[in-house]
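The following exercises concern a protein structure with more than one level of organisation.

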Amino acid sequence: MKVLMFGWEYPPHVFGGLATANYGISEGLKAQGDIDIALCLPHPFGDEETHAARIIAMNAVPIAWRDVDYDYVRNRVGNIMDPDYYFKLRDHIYADFNYMHVNDLGAMEFAGGYPSNLHDEINNYSVIAGVVARTEEFDIIHAHDWLTYPAGIHAKQVSGKPLCIHVHATDFDRSRGKVNPTVYGIEKDGMDNADCIMCVSELTRQTVINHYHQDPRKCFTVHNAVYPLKQELQDIPRPDHTGKEKVVTFLGRITMQKGPEYFVEAANMVLQRTRNIRFCFAGSGDMMEAMIYLAAQRGIADRFHFPGFMRGKQVYECLKDSDVYVMPSVSEPFGISPLEAMQCGTPSIISKQSGCAEILNNCIKVDYWDVHALADAMYSICNNESLFRYLQEEGKKEVDQITWVKVGTWIRELYMRTLGWV
Amino acid sequence: MKTICLYFEIHQIIHLKRYRFFDIGTDHYYYDDYENERSITDIAERSYMPALNTLQQMIQENGKAFKVAFSLSGTGIEQLEMHAPQVLEKLQELNQTGSVEFLAEPYSHGLSSLANEETFAADVKKQALKIEEYFGKKPTVLRNSSLIYSDDIGAQAAALGFKGMLTEGAKHVLGWKSPHYVYHCALAPSLKLLLRDVELSDDISLRFNNPDWDGYPLFADNYINRIAQLPEEEQVINIFMELSALGIAQPLSSNILDFIKALPACAKEKGITFSTPSEIIAKMKSVDNLNVPDTLSWVDEERDVSCWLGNPMQREAFNKLYSVADRVRIANDPRINQDWDYLQASNNFRFMTTKPSNVGLDRGIYSSPFDAFTNYMNILGDFMSRVNSLYPESIDNDELNALLTTIRNQGDEIERKDKEITRLQAKVEKMQAEEDKLHAKLDKVKEAPKKAPAKKAAPKAKKADA
């Protein structure tokens, strides 16, 4: 089975959670043995992992005919695309796009990541997708997140193949209900045209059904998973805090969606009772200053630490140094980070409004607004060794069972159903 | 001749309320009054009253041919006293028929038998006393909370003077043996054991209303036929369950009460009788001893204590709770004792289980085992600090006990001396009185000569006058 997949980011160049999920899904599908993936990325760097998927660099796909020779192409984009493939694509240009900002190869540049002209980039991406879809041979289309939905629709119209879209988040999650009409429009259009909608949690699935008015019969829940920790990360030692100060950690974007204020309020309650706990507020975001201010206002700034944005190994060092990981998200489509914390052996407290709460049992779940319960849970893990140990051991066992291969099997099943091959 | 021993457990816990860690030290009331009232009223209405009415009718209709046994936990009695006294009145009425036996069990419905011998003994005695108060008879047969039993517990029960005990006819203990005989405890031959017939009991209490079950629908004649078809030598069929099985676990709409009601008539046809546990224990001889080195109970597939003590959280809570057992007993403070009874209830530990179970578990206000653990530990934290604040923590239990004994002895001595003093005082008073009397006599004697002449003189005077 050949899959044409549209993605936006891919490891090792991670901007948000999408890269990790896309990578996991590709690897999981690859492990099925009979699936070939052609993955379109707007701005690959040439050092992407190509084990699971053949990467098509969208910024090297010609959409206007240029008379260039083989060596020139190899020199220009050889690191990201085979020149033969360039000429093959050039044979499938379907309209004259010279009026657009095309370069010397007839291709369009992408900034990569999430720039301010995101809407233009989304549009360009779908234009290019038309060329790719005419060139490639495939059975099914799989588009990740709203950025790639227009490309998916275009590919479907060109090829007549079924379209699966993967909803990693909706604008309802990002904006606490105040949706951006343009984004909503793109999302809705993608869902309306999709033959199969894969949602990362039942929570998201319900949003898709109720707010985007989709037929429940084509909406399926495909929970995310985690990759086993690399040996290097597994080897990071876990400091023993028995009888010492405990560390409670929040790690993520400090934005409205993540509920940081509930973390501060709960921490305040804990500190009223005991001074033996420190709080680590890692990450950055538009609410960071407000949170520093709030902590100061509550008079707990001496116990509160803001180490800022963390990447790579730092994240795992921070998680391993923590006794409790807290994710009080107001609305979280899935939320892979508690799974990562549990991999590190750190007990997690997550909000019931998170998608991952649907598949996790060995963690504490509270309503994000219930700061009393949140505070109680933090205090309990820090003070009851048996609870800490139980959540640590059983939590790790539990997440070790949540693998991308299982996710791949389920997605393959959904492909087969969509194609009517079963 | 075969006989059926029908026994029902009546137990409800005092529900704990949502107790946050910041309540520790400020709030010493741990109970959810609303939930207590709601649940017991509901159960009394939907299960206890209809079931007891049916049993009463059965006794009236069948005379001495139908007998039944109950046990009530102390906390259950307290709940009924407060919110559903009609259930206790009904039980007293049943008691007057003479066809009902009441058994002993730990007051708290707790796990003290696994932790502390003295606490267990006190727990059982307290309940036995309460049963005697209500029903006028001291129980002679014991059933431990959730039929928890091991050789050691059997020996303790025998030491407490019980003649018999009920427990589970667990397959892993019985092996090829049948539960339809009377056995005795391996460590205390005088203690006879009645073993629950798991299948026949669960057919009623777990499966009666389950249409997916092969035996559905269950009729009284089929049921009794199955008992009648057992080999001739297997004479005792013990059917034990919670009373709430009739009405709650199996709804009244399943006509379970009609099924129960039809049992005596069907049994009579087949020559099967009903007996109370103490009758069986008095009549039947034990066929063999039963070796139970590992604790068993009537809960879950494993029939062991893993649903209360299976995970480290449960064990920590259990160990913490019983770490103050001696101190609670020594302190003997009324309010502490009350909380102690309520906190011991095994249900509190069951809420923390992480085991998958095919019997649905209602965790009440708790959303997860971790939630249950957190709440319980918060309460326990407050309770323990109260217990410890009664006497300085620096004094260990032995020392404290010694000191308290000294104080008690001194108290006794003072009392004795007080008595002595009063006795002596009385003596002194008596002697005083006697002395006074003597004085008076003496005075009289002294006065007499004076007076006598006077008296004599008077007539003389009269005479003289005359």
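**Exercise 1.** Determine how the radius of gyration of chain A compares with that of a compact globule of 422 residues.

*Solution.* Step 1: the radius of gyration is taken over C-alpha atoms, and the globule rule is 2.2 Å times the number of residues to the power 0.38. Step 2: for 422 residues, the rule gives a value near 22 Å, and chain A has 23 Å, which agrees. Step 3: along the principal axes, the C-alpha atoms of chain A fill a box of roughly 75 × 45 × 40 Å.

This is a predicted model, in which local features need pLDDT of at least 70 and side-chain atom pairs count only at pLDDT 80 or more, while totals for chains, interfaces and linings use all residues. Residues are numbered from 1 along each chain as its sequence is written, and chains are lettered from A and ligands numbered from 1 in the order in which they are written.

**Exercise 2.** State what percentage of the residues in chain A is buried.

*Solution.* Step 1: a residue is buried if 20 or more other C-beta atoms, placed from the backbone, lie within 10 Å of its own. Step 2: by this criterion, 49% of the 422 residues in chain A are buried.

**Exercise 3.** Describe the open sheet of seven strands in chain A.

*Solution.* Step 1: helices (H or I, at least four residues) and strands (E, at least two) are DSSP runs, numbered from the N terminus; chain A has 16 helices and 13 strands. Step 2: the strand order of the sheet is S3-S2-S1-S4-S5-S6-S7, with parallel pairing (two strands pair if DSSP finds at least two bridges between them). Step 3: strands S3 (54-57) and S7 (219-221) of chain A are the edge strands, each pairing on one side only. Step 4: in the pairing of S4 (140-144) with S5 (163-167) of chain A there are four bridges, and Ala143(A) stands opposite Ile165(A) in S5(A).

**Exercise 4.** Identify which elements of chain B give two or more residues to the side that touches chain A.

*Solution.* Step 1: two residues are in contact if their C-beta atoms, placed from the backbone, lie within 7 Å. Step 2: 13 residues of chain B are in contact with 15 residues of chain A. Step 4: H16(B) gives the most, with four residues.

Methods:
Buried ≥ 20, exposed ≤ 12 C-beta atoms within 10 Å, placed from the backbone.
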